[in-house]
Amino acid sequence: MELDGRVVVVTGGTRGVGAGIARSFLAAGAEVAVCARRPPDEPVAADGREASFTALDLRDAGAVREFFDAVADRYGRLDCLVNNAGGTPYRLLGEGDAERHARVVELNLIAPMTASLAARPWLGRNRGSVVMIGSVSGTRPSPGTAAYGAAKAGLENLARSMAVEWAPEVRVNTLVLGMVRTELAHLHYGDESGIEAVGATVPLGRLAEPADVGDAAVFLASDRARYVSGASLLVHGGGERPAFLDAATVNKES
């Protein structure tokens, strides 16, 4: 299989997008270690194989270093780190103090940097790679999740700088995600009719599935992307139809 013998860490890999990424790597033949603050409700598995789980707070730099040392000791190598852990509640800037917004930035920007620094020595030994999980929120206004959008914008820039500083030993790329259908989609888009209505606004006609993201991550980690570094790969189904096209009173499709 494509990634036989490779070892991959997926942060926040116990549910949602992270679990989908972990399953794609398992299906590609990799050994997968996932970490999160809480264990999964059931083991993350694919094709009869399971990811190992470690409870970890990515904001604890010392614990993060110990985790990567333990992964390397257990498997003998590390080939890819997927910085997936992150997220945010809906909160307008004026509804929270600076400290609360700063925690969102810490989780979505500082924690990936902490994990990447801890993984770098091991990744460099095998010409490995880092895959950042970014968001279209980092490239457009993000009302209600402004701190999250700012962090994701910073994450994409961080990846590009890392790609230059750590070359040629470590490749670093970003997947820029649009809307993804997970078990928490209803919190963002409402009931099933709301999810379908939101999906209809995407040019490809649906929200992404976690496996769509996972397959893109496998590509960036594989030898097929051996000359891809410092790149941002859009995984958003074509993006968003410009609002002015529907608002305009001319050039309507018949």
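Residues are numbered from 1 along each chain as its sequence is written, and side-chain values use heavy atoms, with hydrogens and water left out. Because the model is predicted, local features need pLDDT of at least 70 and side-chain atom pairs count only at pLDDT 80 or more, whereas totals for chains, interfaces and linings use all residues.

Helices and strands are DSSP runs numbered from the N terminus (helices: H or I, at least four residues; strands: E, at least two). Two packed helices are described by the angle between their axes and the distance between the axes. Axes are lines fitted to C-alpha atoms, for helices over the stretch in contact, and angles run from 0 to 180 degrees between N-to-C directions. Helix H3 (residues 98–124) packs against helix H4 (residues 146–165) at about 20 degrees, with the axes 8 Å apart. H3 and H4 are therefore roughly parallel to each other (angles under 35 degrees count as roughly parallel, over 145 as roughly antiparallel, 65 to 115 as roughly perpendicular and the rest as oblique). The crossing of H3 and H4 is right-handed; a crossing is right-handed if the near helix is turned clockwise from the far one by less than a right angle, and left-handed if anticlockwise. Contact means heavy atoms within 4.5 Å. Residues of H3 that meet H4 include His 101, Val 105, Leu 109 and Arg 120, and those of H4 that meet H3 include Tyr 148, Leu 155, Met 162 and Glu 165.

The axes of helix H2 (residues 61–75) and H3 come within 9 Å and cross at roughly 30 degrees. That makes H2 roughly parallel to H3, and this crossing is also right-handed. On the H2 side, the residues in contact include Val 64, Phe 68 and Ala 72; on the H3 side, they include Ala 115, Ala 119 and Trp 122.

Leu 81 is found in strand S6 and is buried, with a relative accessible area of 0%. Buried means under 20% relative accessible area, exposed over 50%, and partly exposed in between (1.4 Å probe, protein chains only). Not counting residues up to four places away in sequence, Leu 81 touches Phe 68, Ala 115, Ala 119 and Val 130, among others. Glu 156, in helix H4, is buried at 11% relative accessibility. With the sequence neighbours up to four places away left out, Glu 156 touches Thr 139, Thr 174, Val 176 and Ser 232.

Helix H7 (residues 210–221) has 12 residues and reaches 17 Å from its first C-alpha to its last, close to the expected 16 Å (1.5 Å times one less than the number of residues). Its buried residues include Pro 210, Val 213, Val 218 and Leu 220. Among the elements covering them are helix H1 (16–27) and strand S8 (171–177).

The count of disulfides (pairs of cysteine sulfur atoms within 2.5 Å) is 0. The sulfur of Cys 35 is 13 Å from the closest cysteine sulfur, that of Cys 80, too far for a bond. Cys 35 is buried at 1% relative accessibility, and Cys 80 is buried at 1%.

A cis peptide bond joins Ala 167 and Pro 168, with omega about 0 degrees; Pro 168 is in the loop between H4 and S8. Asp 47, a residue other than glycine, has a positive phi near 55 degrees and is exposed at 60%. Arg 127 has a positive phi near 50 degrees, lies in the loop between H3 and S7 and is exposed at 55%.
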